[in-house]
Amino acid sequence: MAKPSRASGNEAEWQVRQDLAAAYRLVALYGMDDSIYTHISARVPGTNDQFLINPFGMLFRDITASSLVKIDLEGRIVEDSEYDVNPAGFTIHSAVHMARHDAACVLHTHTVAGVAVASLAGGLQPCNQWALQFHNRVVYHDYEGIALNHEERDRLVRDLGPTARAMILRNHGLLTVGRTVAEAFILHLNLERACRVQMAIQASGQPIHPVPEEICELTARQYASGDSNRLAGSADPNAREWRALLQRLEPPSSASYRD
């Protein structure tokens, strides 16, 4: 079977492949990867039972649109690939895609800051602007060991619920759900930043300046609306930032600030 490419004719799938490959490379660029582990998946457009995921063993910095592996909800590879997939990645991602048809993209990491906050009894605290995006909007799932037991999927889906877009996997890491790859990545980047700031504050040993409850809720709603960031002509509130983030993956411009 031919290697997937734009020439195969499915433009919608090829666009998702490009966005997903970009997300993998951005995760590496921002230092959120974990060797060959963790994973990002994206639903194949027009399906509810197939998704794309990383080839197990390839570094995130090297992933391309054509190297992504297409699998179904039973873990069967449905398009020829020289790679297999991470079994733990299949458990987590198949659970979310099976239950949440709004989950176009699922992103999971094991960053130092994310695992640190996931290991704190109090979890994520409303102590900085990035964290306020997730005020009363982040859910938790208890640690059950490396995610190889398919029976855990029911409990993970139960804890995620029907609408949550951010989950903290206790003692394990972070997970975000997006209606697009861009949304899942930007949510994850902000959740990671919230965790980094929280750990820096707690390391200082100084008291946290409290934010009133009504301001916490206001800020979360401001983030959710996306109105202040919306790109003219686009209904996607993440389009402006995603376009800018993709520039991080292009060769540096030769233009000088002096020009």
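Reader: Leaving aside its neighbours within four places in sequence, which residues is Ile40 in contact with?
Author: This is a predicted model, in which local features need pLDDT of at least 70 and side-chain atom pairs count only at pLDDT 80 or more, while totals for chains, interfaces and linings use all residues. Residues are numbered from 1 along each chain as its sequence is written, and side-chain values use heavy atoms, with hydrogens and water left out. Contact here means heavy atoms within 4.5 Å. With neighbours within four places in sequence set aside, the residues in contact with Ile40 are Leu20, Ala23, Tyr24, Val27, Leu52, Ile53, Asn54, His93, Cys105, Val106 and Leu107.

Reader: In what sense do strand 1 and strand 2 pair, and which residue stands opposite Ala42?
Author: Two strands pair if DSSP finds at least two bridges between them, and strand 1 and strand 2 pair over 2 bridges in the antiparallel sense. They form a hairpin with 6 residues between them, and Gly46 in the turn has a positive phi of about 85°. The residue opposite Ala42, in strand 2, is Leu52.

Reader: How many bridges join strand 2 to strand 3?
Author: Ile53 stands opposite Val69 in strand 3, and Gln50 stands opposite Asp72, also in strand 3. Strand 2 and strand 3 run antiparallel, and the number of bridges joining them is 4.

Reader: Which way do the residues of strand 3 point, and is Lys70 buried or exposed?
Author: Val69 and Ile71 point one way from strand 3, whereas Lys70 and Asp72 point the other way. With a relative accessible area of 9%, Lys70 is buried.

Reader: Which residue forms a salt bridge with Lys70, and which residues are linked with it in a network?
Author: A salt bridge is a side-chain nitrogen of Lys or Arg within 4 Å of a carboxyl oxygen of Asp or Glu. Lys70 forms one with Glu13, the closest N and O atoms being 3.1 Å apart, and this pair links distant parts of the chain, since Lys70 is in strand 3 and Glu13 in helix 1, 57 residues apart. Glu13 is also buried, at a relative accessible area of 8%. The network of salt bridges links Glu13, Arg17, Lys70 and Glu79.

Reader: How many salt bridges does a search of the whole structure find?
Author: One of them joins Asp102 and Arg100, with the closest N and O atoms 2.8 Å apart; Asp102 is partly exposed at 26% relative accessible area, while Arg100 is buried at 4%. The search of the whole structure finds a total of 14.

Notes: Buried means under 20% relative accessible area, exposed over 50%, partly exposed in between (1.4 Å probe, protein chains only).
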